[in-house]
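This report goes through one protein chain, piece by piece. Please keep the sequence and the 3D view open while reading.

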Amino acid sequence: MTESESSNIDVIFSPEVINNRVHELAGEIRNAGLDNLLVIAVLKGSFIFAADLIRALHEVGLSPEVDFITLSSYRKGTQSSGRVEILRDIDLDVTGRNILLVDDILESGRTLAFAKDLLAARGARQISTCVLLRKELNRAVDIEADFHAFDCPELFVVGYGMDVAYRYRQLPFVGCITRD
Ligand code: IMP
Ligand code: MG
């Protein structure tokens with residue numbers, strides 16, 4: 001991180017706070033008793049969260065299979081435009097599986113609803129959803145996450161895998177840009 005890049009960003013969730021919460025979340029997921037779990041991470045924004053979460057799941061004794069789907073929600077700048085498209089699909093057959101869908105942010109709900117409907121149509125047995133951040137306003141679809149790490153202020157956030165124009169994913173914290 002360059003000096004100028006770090007000074008542009010206010011920290012909202014620090015690495016320590018995220019780490020503690022991700023471990024708690026893994027306990028919550030284990031306590032839900034989902035057997036034979038398949039974790040599907042929605043790329044790209046969830047890649048760091050998913051990496052930390054699956055290792056925390058291992059620590060609480062789970063051995064999930066893991067696959068990835070890349071979805072595009074066609075955002076214009078920082079606004080969701082409504083259409084969701086599959087850029088790269090999962091490899092596995094989900095018929096009869098218990099799935100944990102992992103995403104970075106739930107905002108309009110379109111991305112998560114699209115992924116959930118897709119997996120249900122393919123015959124998944126049960127689909128639970130887990131997001132790092134939950135924004136409350138701007139929901140366009142009636143969907144809530146079964147698990148979420150944090151409620152997020154209504155700001156455009158970056159870091160911990162999340163980007164603006166491919167930047168800031170490397171930051172170890174979640175923050176918001178104060179000026180560019
Ligand atoms: P939804 O389909 O509107 O729920 O949008 C969720 C997706 O939009 C997330 O998976 C993110 O990729 C993206 N997104 C929404 N808000 C933010 C933000 O504040 N920062 C970065 N990405 C965001
Ligand atoms: Mg996303």
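The model is predicted: local features need pLDDT of at least 70, side-chain atom pairs count only at pLDDT 80 or more, and totals for chains, interfaces and linings use all residues. Residues are numbered from 1 along each chain as its sequence is written, chains are lettered from A and ligands numbered from 1 in the order in which they are written, and side-chain values use heavy atoms, with hydrogens and water left out.

**Ser 128.** This residue is part of strand S8, which spans residues 126-134. Strands (E, at least two residues) and helices (H or I, at least four) are DSSP runs, numbered from the N terminus. Ser 128 counts as buried because its relative accessibility is 6%; buried means under 20% relative accessible area, exposed over 50%, and partly exposed in between (1.4 Å probe, protein chains only). Leaving out residues up to four places away in sequence, Ser 128 touches Leu 34, Ile 99, Leu 100, Leu 101, Asp 146 and Phe 147. Contact here means heavy atoms within 4.5 Å.

**Cysteines.** A disulfide is a pair of cysteine sulfur atoms within 2.5 Å. By this rule there are zero disulfides. Two of the cysteines are set out here.

| Cysteine | Relative accessible area | Nearest cysteine sulfur |
|---|---|---|
| Cys 130 | 0%, buried | Cys 152, 15 Å |
| Cys 152 | 7%, buried | Cys 176, 8.9 Å |

Three strands form an open sheet in the order S1-S11-S10, with antiparallel pairing. Its edge strands are S1 (9-13) and S10 (157-158), and each pairs on one side only. Two strands pair if DSSP finds at least two bridges between them. S10 is joined by two bridges to S11 (residues 174-177), and the two run antiparallel. Val 158 stands opposite Gly 175 in S11.

**Nonpolar cores.** A nonpolar core is a set of buried Ala, Val, Leu, Ile, Met, Phe, Trp, Tyr and Cys residues joined through side-chain atoms within 4.5 Å. The largest has 30 residues, and Ile 29, Leu 53 and Leu 133 have the most contacts inside it. Elements giving two or more residues to this core include helix H2 (15-31), helix H3 (47-59) and S8. Apart from this core lies another of 21 residues, among them Ile 99, Leu 101, Ile 127 and Val 131.
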